[in-house]
Amino acid sequence: MQGYELIQPRRVLGVQPWGPSAFVMRFERRGLRFRAGTHVDVGLPGGLTRPYSLFSGEQDEIAEILVRLVPGGAVSSRLARLKEGDLVLVKPPRGGFTLRHREQKDRLVLVATGTGIAPFRSFVRTVPELPYLLVHGVRSLDEDFGADFEANQERVLCLSSAEGRQPVATEKFSKHCRIVPGRVTQWLDQAELHIDRDRFYLCGNSAMLREATEILARRGVPLERIHRENSAT
Ligand SMILES: Cc1cc2nc3c(=O)[nH]c(=O)nc-3n(C[C@H](O)[C@H](O)[C@H](O)COP(=O)(O)OP(=O)(O)OC[C@H]3O[C@@H](n4cnc5c(N)ncnc54)[C@H](O)[C@@H]3O)c2cc1C
């Protein structure tokens with residue numbers, strides 16, 4: 001009976017575009033309990049579902065996911081058309097990409113590409129005092145999904161398109177935000193890291209995960225300090 005309750009459709013509370021190719025979908029929690037970093041399978045009732053990382057924090061009243069709109073995508077294009085009050089199917093949370101060692105004072109280096117940032121927003125909303133450095137790879141500034149992370153925490157925005165080679169109006173960003181041209185892997189290759197006390201969380205596509213892990217291993221980071229999630233985006 002409880003399992004049935006858990007996969008009952010939930011009401012959409014809003015769909016907010018974020019730039020030209022992504023949106024945040026908010027929906028009621030109605031007893032949905034989850035750990036930051038996990039994902040839920042979401043879709044239209046009776047239709048296909050796809051996994052999406054929770055973008056909201058464990059204590060937030062409502063649940064949120066951040067979705068890239070894939071043109072012609074079976075699920076993302078349908079979710080994009082939902083309106084407040086529509087019903088959406090949300091399956092129970094799953095996945096092991098959760099915040100470990102929260103009680104330790106390690107600096108967390110949170111490395112994401114695109115919507116791979118979603119679990120990290122859930123981390124920092126859940127544990128606001130978390131010591132972290134966010135490294136976010138985007139194709140353009142429209143994809144700055146980290147814009148509402150704490151303004152006094154350090155973040156690096158890696159711009160991989162030609163936009164990254166143009167001057168950027170940095171006054172729109174907090175003084176703790178650095179905008180650098182290139183990919184997150186290029187940044188990791190040269191960044192000043194504290195190998196013995198940084199803990200790395202990587203979320204993005206398999207190529208980024210593989211390359212970033214190789215770089216970190218080459219730089220001497222033990223594999224047990226590298227946590228990874230393939231969000232295929
Ligand atoms: C653990 C996990 C967590 C995830 N979390 C998120 C999340 O937080 N936000 C999010 O947006 N997605 C997330 N995804 C990806 C998501 O589950 C879907 O794969 C994505 O939304 C595409 O589904 P679709 O049905 O719209 O497209 P499909 O119908 O599956 O794909 C249509 C076509 O688009 C291609 N395609 C699929 N995905 C992309 C893409 N991202 N960019 C370009 N082309 C693509 C496919 O190869 C296919 O050719 C996650 C995936 C996993 C495994």
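Mentor: We begin with the division of the chain: the protein is divided into domain 1 (2-90) and domain 2 (107-230). These bounds come from an automatic or database domain assignment. Please note that this is a predicted model, in which local features need pLDDT of at least 70 and side-chain atom pairs count only at pLDDT 80 or more, while totals for chains, interfaces and linings use all residues. Residues are numbered from 1 along each chain as its sequence is written.

Trainee: How do you know that domain 1 and domain 2 are in contact?

Mentor: Two residues are in contact if their C-beta atoms, placed from the backbone, lie within 7 Å. By that rule, 18 residues of domain 1 are in contact with twelve residues of domain 2. Strand 5 gives the most to the side of domain 1 that touches domain 2, with four residues. The C-alpha centres of the two domains lie 24 Å apart.

Trainee: What makes the radius of gyration of the protein agree with that of a compact globule?

Mentor: The radius is taken over C-alpha atoms, and the globule rule is 2.2 Å times the number of residues to the power 0.38. For 233 residues the rule gives a value near 17 Å; the protein has 18 Å, which agrees. Along its principal axes, the C-alpha trace spans about 50 × 40 × 30 Å.

Trainee: Which helices and strands are counted, and how many are there?

Mentor: Helices (H or I, at least four residues) and strands (E, at least two) are DSSP runs, numbered from the N terminus. The protein has five helices and twelve strands.

Trainee: Why is Val-24 called partly exposed?

Mentor: A residue is buried if 20 or more other C-beta atoms lie within 10 Å of its own, exposed if 12 or fewer, and partly exposed in between; the C-beta atoms are placed from the backbone. Val-24 has 17 C-beta neighbours inside 10 Å, and therefore counts as partly exposed. Val-24 lies in strand 2 (residues 22-28). Leaving aside neighbours within four places in sequence, Val-24 is in contact with Gln-16, Trp-18, Phe-55, Glu-64 and Leu-66.

Trainee: Is Val-75 buried, exposed or partly exposed, and what makes it so?

Mentor: Val-75 has 19 C-beta neighbours inside 10 Å, so Val-75 counts as partly exposed. Val-75 is found in the loop between strand 5 (62-68) and helix 2 (76-80). Val-75 touches Gly-43, Leu-48, Thr-49 and Arg-50, not counting residues up to four places away in sequence.

Trainee: Why is helix 3 described as largely enclosed?

Mentor: Nine of the nine residues of helix 3 (residues 118-126) are buried, so helix 3 is largely enclosed by the rest of the structure. What covers these buried residues includes strand 4 (49-53), strand 8 (132-138) and strand 12.

Trainee: How do you know that the length of helix 5 is close to what is expected?

Mentor: The expected span is 1.5 Å times one less than the number of residues. Helix 5 (residues 206-218) has 13 residues and reaches 18 Å from its first C-alpha to its last, close to the 18 Å expected.

Trainee: Which residues of helix 5 are buried, and why are they said to share a side?

Mentor: Met-208, Leu-209, Ala-212 and Leu-216 are buried in helix 5. They cover an arc of only 95° around the axis, which puts them on the same side of helix 5; the arc is that of the directions from the helix axis to the C-beta atoms. The face turned away from the buried side carries the exposed residues Ser-206, Ala-207, Ala-217 and Arg-218.
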